[in-house]
Amino acid sequence: ARGQHTSISPDLAVSGTEPDRNLAMELVRVTEAAAIAAGHWVGYGDKNTADGAAVDAMREFMDTVQMNGVVVIGEGEKDEAPMLYNGENVGDGTGPEVDVAVDPIDGTRLTALGYNNALSVFAVAERGAMFDPSAVFYMDKMVVGPEAADFVDLRLPVKQNIHLVSKALNKPASQLNVCVLERPRHEKLVQEIREAGARVKFIMDGDVAGGIAAARPGTDVDMLLGIGGTPEGIVTACAIKATGGIIQGRLAPVDDAERQRAIDAGHDLDAVLSTNDLVKSDNCYFAATGITDGDLLRGVRYDNDRVITQSMVMRSKSGTVRIVEAEHQVRKWRKWLDD
Ligand code: VTB
Ligand code: MG
Ligand code: MG
């Protein structure tokens, strides 16, 4: 067992309140478990059962991680989906005090329907670092990679931001792919993107994967725009801390009641929230495992007696991004894979 005082090197001991570098590799076990559980339900048309399985697996594995975590981003309220509850204590209770953001499945519909880009994600940052998303379900978002990060501004017209990204990436607008959630609310946005000469790459769900793809090189997505879940915005920010790039967000209440609730909670609805506003800490950890195939990761695959997963793990402090391919023995996962 890896106890508090058993480490031979004091540097490696998990003590005090600083999340340790090893946490990153621990977290990937959690998203692997959730993805394997969710993977069992891919294509069966039942998103709540898939989500429930992923939540259960995540909860079980999370509690083996050496951390004293509180769920800040549980996700699921908006969709009345199975979820981890805000304020829920997670981890084994020892080790660093952290905020936890989870999305056992981002893209439950994608999972249920066998579409691309469903992910299981998990992020951790120092206690108190994460923005509280509970006042407003939706956020207007813009994500770009490191090259364009210093130029864009959510307050500018879409056309101008696209022009700025085009300049920063040194390619014509016609070579820019802008990822947008396919929703009626984005009709005008889509028109503006196309009028600026760029292309729209619609996603059905899963703007966490879309946002990370926009911030990562070599993905065919240059930018993400549009309104998606606020929790997903914070999860995306955790990933972006390590990949580089930026997210900018503005809370987007759907009606006057939500607007008032946000104002009462002390939010400035005109404020543009930066990556650092969404996650204050520079010591944050992010893990994601593919459920279905996607731009970032392969989905859960089966090969006789093995389940194969692909994940990404990152730590912002070092900026390391690791892609982890894992083979799991089906027999050890019976609980999640039977019936
Ligand atoms: C996005 C997407 C999610 O919610 O945040 C989206 O990433 C936004 O809300 O996968 P609507 O679906 O209501 O437009 C999800 O689709 C579901 O949480
Ligand atoms: Mg979800
Ligand atoms: Mg989600």
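A polar contact here is a pair of N or O atoms within 3.5 Å. Keep that cut-off in mind. The model we are looking at is predicted.

Let's start with the ligand. An oxygen atom of ligand 1 sits 2.6 Å from a polar backbone atom of Asp-207. That falls within the 3.5 Å limit. Now, how much of ligand 1 does the protein bury? Taken alone, ligand 1 exposes 410 Å², and the protein buries 89% of that.

Side chains join in too. Tyr-138 brings a polar side-chain atom to 2.5 Å from an oxygen atom of ligand 1. For Asp-106, an N or O atom of the side chain is 2.8 Å from an oxygen atom of the ligand. In total, 15 residues surround ligand 1. Tyr-138, Arg-183, Arg-185, Asp-205 and Asp-207 are the closest.

Next, helix H5. This helix runs over residues 187–195. Which of its residues are buried? They are Leu-189, Val-190 and Ile-193. These three span an arc of only 100 degrees around the axis, so they lie on the same side of H5. Here is the general rule. An α-helix has 3.6 residues a turn, so residues three or four places apart point the same way.

The face away from the buried side carries Glu-187, Lys-188 and Glu-195, which are exposed.

One last stop. Just after H5 comes Gly-197, with a positive phi of about 100 degrees.

Conventions: Residues numbered from 1 in each chain as written. Chains lettered and ligands numbered in written order. Predicted model: local features only at pLDDT ≥ 70, side-chain atom pairs only at ≥ 80, totals over all residues. Heavy atoms only, no water. Buried < 20%, exposed > 50% of the residue type's maximum accessible area, 1.4 Å probe, protein only. Helix = DSSP H or I, 4+ residues; strand = E, 2+ residues; numbered from the N terminus. Arc of directions from axis to C-beta. Near = heavy atom within 4 Å. Polar contact = N/O pair within 3.5 Å; in protein donor to acceptor, adjacent residues only side chain to side chain. Areas by Shrake-Rupley, 256 points an atom, 1.4 Å probe, with all protein chains shown as cover.
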